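Take a guided walk through this model. Keep the sequence beside you as you read.

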Amino acid sequence: MKYIVAVLITITFFSCKNEPKTASEDKKVEQTEVLVAGKDSLIYPEEKHFKAIRQVTFGGDNAEAYWSFDDKQLVFQSNNKAWNVSCDQMFLMNADETFNGNVPPMVSTGKGRTTCAYFLPDNKHIIYASTHLKQDECPDTPLRKNGKYIWPIYDSYDIFMADLEGNIVKQLTNEVGYDAEPTVSPKGDKIVFTSTRSGDLELYTMNIDGSDVKQITNELGYDGGAFFSPDGTKLIFRSSRPKTEQEIKEYKDLLAEGLVEPTEMELYICNADGSELRQLTELGNANWSPFFHPSGEKILFSSNFEADRGFPFNLYLIDVDGKNIERVTHGETFDAFPVFSNDGKYLAFSSNRNNGGGRDTNLFIAEWQD
């Protein structure tokens with residue numbers, strides 16, 4: 001989904017991880033040398049956690065790139081019209097690939113709208129949410145209501161399992177309402193996702209095969225974008241939880257229309273079963289797309305809390321006790337969707353950097369250093 005003012009322009013991506021082994025290491029080294037030093041570097045001087053960086057896509061809106069468990073591939077969503085799609089579909093890439101004129105293979109159906117794909121532990125299957133059972137065409141994408149920025153919560157979303165050739169092998173959810181934003185535990189045993197099956201936007205977990213569904217959160221508000229900690233024992237997620245009578249009314253009225261207003265979000269953390277829930281941030285504005293640092297002791301997330309007019313969004317690190325916040329990226333527009341490779345050596349993220357001043361949001365892979 002997309003972004004506030006210049007950065008919040010559409011809504012496809014907000015919903016919703018060893019060094020890759022390559023067949024062309026020499027080429028990769030040459031790329032790294034170009035991108036690390038010199039005036040054309042994609043790394044801003046203050047970005048000390050990025051040792052090197054590589055731009056992966058060059059056009060359209062590309063986001064939510066998630067690593068296979070062996071770190072050899074990533075799956076991501078894109079609406080790049082040059083790839084013959086009208087709205088977000090899922091694409092597969094090898095970890096060392098770049099798409100500048102070439103097109104990655106699509107692994108979704110090409111129908112409806114999709115969001116939030118994630119690899120399963122066998123590295124041969126993915127899960128993702130899609131509206132294709134309800135419509136072949138892209139559903140409408142409202143951006144504003146009564147002058148306020150909004151996201152649609154399509155009740156036609158369900159979660160599916162597919163192989164890497166794009167064949168759907170199983171439907172994992174079949175409830176009335178929104179089922180989307182699934183991610184998989186590093187232990188490979190559980191999926192966490194967001195659903196409206198209770199009448200509100202809550203977090204649920206289920207087994208990899210869709211069985212044993214359990215509700216994790218139960219407080220009024222939008223709980224979403226959840227990820228497991230590296231040991232699988234905790235969850236980090238974003239939430240917009242209305243407090244006042246007026247906020248509650250506005251939230252419920254929008255939800256009844258299949259909409260939410262995501263301009264005020266904070267991060268919450270809990271055990272994987274929902275116990276010991278606590279608010280992690282109290283920063284104001286939109287704090288979202290959190291992901292655990294490989295140590296399990298920090299959270300990397302996107303925020304515009306330092307912005308006066310909605311943007312920029314940058315990446316920040318914060319300890320799991322809510323202390324020691326550190327700014328990681330220093331862009332002037334949008335950095336979000338950070339996802340570490342499984343050994344923590346690389347970070348995939350989406351950014352508006354190097355887009356010629358336009359609105360394209362591209363994928364980048366940075367070599368990480370603590």
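Ala 129 has Ile 159, in strand S10, as its bridge partner. The two strands involved are S6, residues 125–130, and S10, residues 158–163; they pair in the antiparallel sense over six bridges. Two strands count as paired if DSSP finds at least two bridges between them. Strands (E, at least two residues) and helices (H or I, at least four) are DSSP runs, numbered from the N terminus.

This is a predicted model, in which local features need pLDDT of at least 70 and side-chain atom pairs count only at pLDDT 80 or more, while totals for chains, interfaces and linings use all residues. Residues are numbered from 1 along each chain as its sequence is written, and side-chain values use heavy atoms, with hydrogens and water left out.

Now widen the view. S6 and S10 belong to an open sheet of four strands, in the order S5-S6-S10-S11, with antiparallel pairing. At its edges lie S5 (114–119) and S11 (168–171), each pairing on one side only. Neighbouring strands of this sheet are turned by 25 degrees against each other on average, direction ignored. Such angles are taken between axes, which are lines fitted to C-alpha atoms, for helices over the stretch in contact; they run from 0 to 180 degrees between N-to-C directions.

Next, the backbone. The loop between S5 and S6 holds Asn 123. Phi of Asn 123 is near 60 degrees, a positive value in a residue other than glycine. Another loop, between strand S22 (298–303) and strand S23 (314–319), holds Pro 312. A cis peptide bond joins Phe 311 to Pro 312, with omega about 15 degrees. Most residues other than glycine have a negative phi, and most peptide bonds are trans.

Move on to the largest pocket. Its lining counts 25 residues, and Pro 242, Glu 247, Glu 250, Tyr 251 and Glu 261 lie nearest its centre. Helix H2 gives the most to this lining, with six residues. By class, the lining has twelve charged, seven nonpolar and six polar residues. Here Ala, Val, Leu, Ile, Met, Phe, Trp, Tyr, Cys and Pro count as nonpolar, Asp, Glu, Lys and Arg as charged, and the others, Gly among them, as polar. On a 1 Å grid over the protein atoms alone, a pocket is an open set of points where a 1.4 Å probe fits, with protein on both sides within 12 Å along at least five of seven lines; lining residues have an atom within 4 Å of a point.

Finally, confidence. The chain has a mean pLDDT (the predictor's confidence in each residue, from 0 to 100) of 90, and 89% of its residues reach 70 or more. Over residues 1–14, pLDDT is below 50. Where pLDDT is low, the predicted coordinates should not be read in detail.

How values were computed. Contact means heavy atoms within 4.5 Å.
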